[in-house]
Amino acid sequence: MQRILPLIAAQARPRLIGEPVSAFADEVKTALEAQPHSKLVVFPELHLFGDSNPDQQRTEMLQASAEPLDGPRVKELKQLTADLKIWLVPGSVCERGPEGQLFNTQLVLSPEGELAGCYRKIFPWRPFEPYDPGDRFTTVDLPGIGRVGLNICYDAWFPEVSRQLAWMGAEVILNVVKTTTPDRRQELVLAKANAIVNQVFVVSVNCAGPTGMGLSLIVDPEGNTVAEAPDDGPALLTAELDLSAVEHVRRHGTENLNRPWSQFRPGEGAIELPVYQGRINPATWTPQSFTS
C-alpha cells in the first residue's frame, strides 16, 4: 500500500540571527505555494543563524544566539507549525545545553505545535565548527506516513550514522546542510551512496548562495535522483515520496538484485567489527519497521 509523503526541500539563503520568526513564517508560507498539499517542509542547517550576508558563521555570534529548547525561539516555531498544520524542519538551531554546551540541533515540529524530535549533530565539522557533539541518534514517526531519521551535514561523511538510522527504521533521512565549500560535489555522491547501501530515501538540502553551494538533492532508495537544484540559486524542490518503495526494494532488491538487509542465512555467525569493538549480529540485523 502506498504511503505518500508530499514534501518541500527549501534551498534558501540563511536568515540573519535575531530576525523575527514572523519573517520566517512568511518564507514558509511562500514555500508552501510551490506544493500546497505538502505535509513536510525542510530548510537547511542553521537556516535562522546567519550572522551577515554572506554568512561568516562567527563563533561569538553563534554562542550569543543559543537558547535552550524550551526558550522563546522554539515556542514561536511551535506556534508557527500549529498555525500552518504542517510538519516543519526549520533547519537546525544553536541550542544551549544544560551544562552550557553549544549544540547544533535539528528540530522536527509537528502540525499540533509540538517538538516531535530533536537531534544534536554528532560529527561537527572539525576543526572549523565550535559545537559540542551530540551522543544519540534520532528518528521521528509521522503518524500514518512513515519514519524519518535526522542527520546534519558532515554526519553524512560517516556511514555509521545513516546505517544506524536505517536500522532504527528510518525510511527517509533528512540531511540538513550548510556547505559553503567545493566538497559539495563529494556530498552529492555520499547522499546517493547512503541511500543505496541503506535502501532509504535521502533528502539533502543545502543553503543557497552566496553563502552556500546549493545543489540540494532528493534521492530514492535505489540512488535515483527524484529532484535536484541545478546550482546555488534559491530553489524549492518538491516531491511526493512513496515510502512503500523502501519495503519494495528491500523485498525485491536494488535493480531486482541486491538485498543487503536480507544478507544472512539462519545460523550464520556474527561478523566481528574490531574498529567498533562490536559486531554485526545476524540475529539483530533486520531494521525496525514503521507501524502506523
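Two strands pair if DSSP finds at least two bridges between them, and in this structure Val176 stands opposite Val205 in E10. Strands here (E, at least two residues) and helices (H or I, at least four) are DSSP runs, numbered from the N terminus. The model you're looking at is predicted, so local features need pLDDT of at least 70 and side-chain atom pairs count only at pLDDT 80 or more, while totals for chains, interfaces and linings use all residues. Residues are numbered from 1 along each chain as its sequence is written, and side-chain values use heavy atoms, with hydrogens and water left out.

- Let's start with E9, which is mostly covered: five of its five residues are buried (under 20% relative accessible area; exposed is over 50% and partly exposed is in between, with a 1.4 Å probe and protein chains only).
- In a regular strand the side chains alternate between the two faces of the sheet.
- Val172, Leu174 and Val176 point one way from E9, Ile173 and Asn175 point the other way, and all are buried.
- E9 pairs with E8 in the parallel sense over five bridges, and Val176 in E9 is the bridge partner of Ile152.
- E9 also pairs with E10, again in the parallel sense and over five bridges.
- E10 is largely enclosed by the rest of the structure, because five of its five residues are buried.
- On one side of E10 sit Phe201, Val203 and Val205, on the other Val202 and Ser204, and all of them are buried.

**The nonpolar cores**

- A nonpolar core is a set of buried Ala, Val, Leu, Ile, Met, Phe, Trp, Tyr and Cys residues joined through side-chain atoms within 4.5 Å.
- The largest one has 33 residues, and the members that touch the most others are Leu5, Leu40, Val172, Leu174, Val203, Ile218 and Leu241.
- Elements giving two or more residues to this core include strand E1 (4–11), strand E8 (146–152), strand E9 (172–176), strand E10 (201–205) and strand E13 (235–242).
- E13 gives the most to this core, with four residues.
- What is Val203 in contact with, leaving aside its neighbours within four places in sequence? Its contacts (heavy atoms within 4.5 Å) are Leu7, Ala9, Val172, Ile173, Leu174, Asn175, Leu217, Ile218 and Leu241.
- There's also a second, separate core of 26 residues, with Ala10, Val21, Val74 and Leu77 among them.

**The largest pocket**

- The lining divides into nine nonpolar residues (Ala, Val, Leu, Ile, Met, Phe, Trp, Tyr, Cys and Pro), three charged (Asp, Glu, Lys and Arg) and five polar (the others, Gly among them).

- Leaving aside neighbours within four places in sequence, Lys178 is in contact with residues including Pro14, Glu45, Asp55, Cys153 and Asn206.
- In helix H6 (residues 244–252), the buried residues are Ser244, Val246, Val249 and Arg250, and they pack against H4, H5, E10 and E13.
- Just after H6, Gly253 takes a positive phi of about 95 degrees.

- The peptide bond from Arg126 to Pro127 is cis, with omega near 5 degrees.
- Another cis peptide bond joins Gly209 and Pro210, with omega about 10 degrees; Pro210 lies in the loop between E10 and strand E11 (217–219).
- Leu215, in the loop between E10 and E11, has a positive phi of about 60 degrees although it is not a glycine.
- Leu215 counts as partly exposed because its relative accessibility is 25%.
- Lys85 isn't a glycine and has a positive phi of about 60 degrees; with 60% relative accessibility, Lys85 counts as exposed.
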